[in-house]
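Please look at the sequence and the structure first, then read the points below.

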Amino acid sequence: MTYGTFIRKNALRNKRRTALTVLSVGFSLFLLITLQAVLDSLLNPPETEESTLRLVVRHAVSLGQSLPESYQRDIEKVPHVKYVAPVEWFGGQYKDPKNFFANFSVGHENFFQMFPDLKYSEGTEEAFMKERMAAIAGVDLMEKFDWSIGDRITLTGTFYDVDLEFRIVGTCEGEYDSSTFYFRHDYLQESGAAFGTVGTFSIMADSAEAIPGIMETVDEMFRNSPAETKTESEKAFQLGFVSMLGNVQVLIGSISMVVAFTMLLVAGSTMAMTIRERLREVAILKAIGFPRKVILGLVLGEASAVSFLGALVGIGLSKGLATVNVGAFTADFVRTIDPEPAMLAIALGVGLAIGVIAGLFPAIQASSMSINEAMRRLE
Amino acid sequence: MIIPIQYNVRYLRARWTGTLITAVTFGLVVAVFVIVMALAQGLDRAFVTSGDPLNLLVMRPGVQSEMQSFMELEQIQIIETLDGIAKGADGKAIAIPELLVVVNKPKIPDGDPSNIQIRGTGSQAFEIRPQVKVVEGRMFEPGLREIIVSHLVAKRFQGFKLGDKPRLGKGEWTVVGIFDAAGSAYDSEVWADQRELSEEFDRGGGSSTIVVRATDGAAAASLARVVDKDVRLPLEVKTEADYYAEQTASSAPLKAFGTFLAVIMSIGACFAGMNTMYGNVASRVKEIGTLRVLGYTPFSIVLCFVFESILLALIGGLFGCLAAIPMNWVTTGTTNFQTFSEVVFNFAVTPKLMGIALLFAVAMGMIGGLLPAVSAARKPIVDCLSKV
């Protein structure tokens, strides 16, 4: 019999206990993976080649203040700026506040150059250029509300006292975001809302190296004006919202620590229970000449095998969760919880480590016990 | 006949290491649940303690927050003349135009920015919101660029201490006082004179809302009806209490998160508890046989072991609650995405919450103990006694 078979047979001797331990470790590890995946998706918003070239200009006081429309022409003159487009959070509601989705008015002239990382349905660009009431809806929204191209829909204003009617002329699909609604800024202004003002401007830089320079030049240009600006990379702008959520990192970090510690306790107490029952066998193994190291290895091996299995269960569960659309429960802050392969590898590592640490105390106890003592302990 | 509780208590004590480990496992689950829920409770409490049913908010219909509303000067003048409005200490009707704006400022200690809500108001505001008290310095002087700051905001944001001169819109303002709002949502705010603030933010003297104090409940209802019918006023009247009750919606994601955590963690803990209980049963087969011989029914054996498991979980639950209690003194903040500004609040580990947590622990103990208890009761007496 090899050591491997020995460990397997031992682990399966009390099948119920092993199964319960595997499940317990599995669920805890599933939680750990989920928490880390959520944290990761919050702190590392998905990037595309184009998004790393984009900047956002907002009013220095807060997003609640608007910028003069005329800033667009000024910003366009800044070296290394390829395109500038107004982007304004309209905050409109579709029928019921519960149907929340992001809707922005955008400058249509260069919208498609600004956001080439979205996939548009055919004919969207021409129609969006031609028609004032035109709107582009994310494919997820089309599905959720059962819209089709050509439909007319109305959004009720919340920040602005206007209701706007749109005609959906096309759909867009992003690698990560397919539930945003875009319409033309000139249409919003025509309605009397946001007259001569813009919430934010998006800038496309000609290279990543130019970004720090653009940030400085733009903010310097409007310093001491009635509307000073704050220019930051698109990623920093998004992370600003996450930082507004509060100290998510500490909350999730400390919960993860507690979960990991619970796993350790569960796995550790099971192994202690197992070894206590088998002290006599350990004594026999010793009596027939197995060295201490082997006994240590056998116990550790069993503990890590069990928690490794638990890790596999946890990974299986989180793969299952990855197919669920969680955007609905998190107000789209987190859209999917799909852990990266690297994170799953870490989870396996954590599973193994938990097994080793949990088995360590019982293993040392068993291997260092004298034969006499071990025999006596179990009468 | 029921097996005396002493039997379980003594066993758990004799096997104290196993008891401790299992209880700690349950305890950690309960602690995490209580702490996350205390976060949601604290947020709710900040809103619930803010509203007074006699204070009426007049605002644009359909808006989700005061900040989104806006009102013209003529509308303010009409509202002041309506019947049923209480008189203030100065003999004037209490109708306060309030302007809400947010400013983005760096937090202490890491400088991460967040939004602070600035409320432009008048001196009458202190008459209708008695929970707000200036504890240091003095009130802002109308007509001056002065602000008073909640003690929590002063501690949480850079540059808002007494005597500091933060920039709000275009220029500097002086912090002349620190106030305490007794844990209400005003504890997340900075207050200034409405007209000055309106000037600073180019609102032409307009306001977001008008807060009106009704003389009594009947007057409050009739004021709401009058405004609803008046064609000059396309506005809506809400009691402050209702308004803040709506804001508690912002704690919903936290509650969902806490429940998700509790459910998943407790599944893990139940499996672990089952393991312990199966172990406890296995090591006492002989005793179970003896009990049966003495005449205890299988049912009383089930009862005995389920009770033991509940006891184990309860010890853990108590430990978890105790571990969570110090969180009551921790202040934290999150953004209310309806007002787009930071709400600062204390965790609230309430007795009710601890009660729920203990019930939750009992449920975990019951689920974890049932199968092992049944297996104990079903063992034939002869097998039990022949073992060992």
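The notes that follow go from the chains and their domains to the contact between the chains and then to pairs of helices.

The model is predicted. In chain B, the secondary structure consists of 13 helices and 11 strands. The domain assignment gives a domain 1 and a domain 2 for chain B, and it also gives a domain 1 and a domain 2 for chain A.

**Overall form of chain B**

- The C-alpha trace of chain B spans about 95 × 45 × 30 Å along its principal axes.
- Chain B has a radius of gyration of 29 Å, whereas a compact globule of 388 residues would have one near 21 Å.

**Domains**

- The C-alpha centres of domain 1 of chain A and domain 2 of chain A are 49 Å apart.
- The C-alpha centres of domain 1 of chain B and domain 2 of chain B are 46 Å apart.
- The contact between these two domains of chain B involves 14 residues from domain 1 and 16 residues from domain 2.
- On the domain 1 side of this contact in chain B, α2 (16–48), β10 (331–336) and β11 (341–346) each contribute at least two residues.
- β11(B) gives the largest share of that side, with five residues.
- By class, the residues on that side of domain 1 of chain B are five nonpolar, seven polar and two charged.

**Contact between chain A and chain B**

- Chain A puts 38 residues into the contact and chain B puts in 42 residues.
- On the side of chain A that touches chain B, α2 (15–43), α9 (234–244) and α10 (248–277) each supply at least two residues.
- That side of chain A is made up of 20 nonpolar, 15 polar and three charged residues.

**α10(A) against α2(B)**

- The axes of α10(A) and α2(B) come within 10 Å and cross at roughly 160°.
- Angles over 145 degrees count as roughly antiparallel, so α10(A) is roughly antiparallel to α2(B).
- The crossing of α10(A) past α2(B) is left-handed.
- Residues of α10(A) in this contact include I255(A), V258(A), F261(A) and L265(A), and those of α2(B) include G18(B), I21(B), V24(B) and L28(B).
- The residues of the contact of α10(A) with α2(B) are nine nonpolar, five polar and no charged.

**α10(A) against α13(A)**

- Within chain A, the axes of α10(A) and α13 (residues 341–368) come within 9 Å and cross at roughly 35°.
- α10(A) passes α13(A) in a right-handed crossing.
- Among the residues in contact are A260(A), M263(A), L264(A) and A267(A) of α10(A), and V350(A), I354(A), F361(A) and P362(A) of α13(A).
- The contact of α10(A) with α13(A) has 14 nonpolar, four polar and no charged residues.

**α1(B) against α11(B)**

- In chain B, the axes of α1 (residues 5–14) and α11 (residues 298–324) come within 10 Å and cross at roughly 50°.
- That angle makes α1(B) oblique to α11(B).
- The crossing of α1(B) past α11(B) is right-handed.
- Y7(B), N8(B) and L12(B) of α1(B) meet C304(B), F307(B), E308(B), L311(B) and L312(B) of α11(B).
- The residues of the contact of α1(B) with α11(B) are six nonpolar, one polar and one charged.

How values were computed. Residues numbered from 1 in each chain as written. Chains lettered and ligands numbered in written order. Predicted model: local features only at pLDDT ≥ 70, side-chain atom pairs only at ≥ 80, totals over all residues. Domains from an automatic or database assignment. Contact = placed C-beta atoms within 7 Å. Helix = DSSP H or I, 4+ residues; strand = E, 2+ residues; numbered from the N terminus. Nonpolar A, V, L, I, M, F, W, Y, C, P; charged D, E, K, R; others polar. Axes fitted to C-alpha atoms, helices over the stretch in contact; angles between N-to-C directions. Parallel < 35°, antiparallel > 145°, perpendicular 65-115°, else oblique. Left-handed = near helix turned anticlockwise from the far one by under 90°. Rg over C-alpha atoms; globule rule 2.2 N^0.38 Å.
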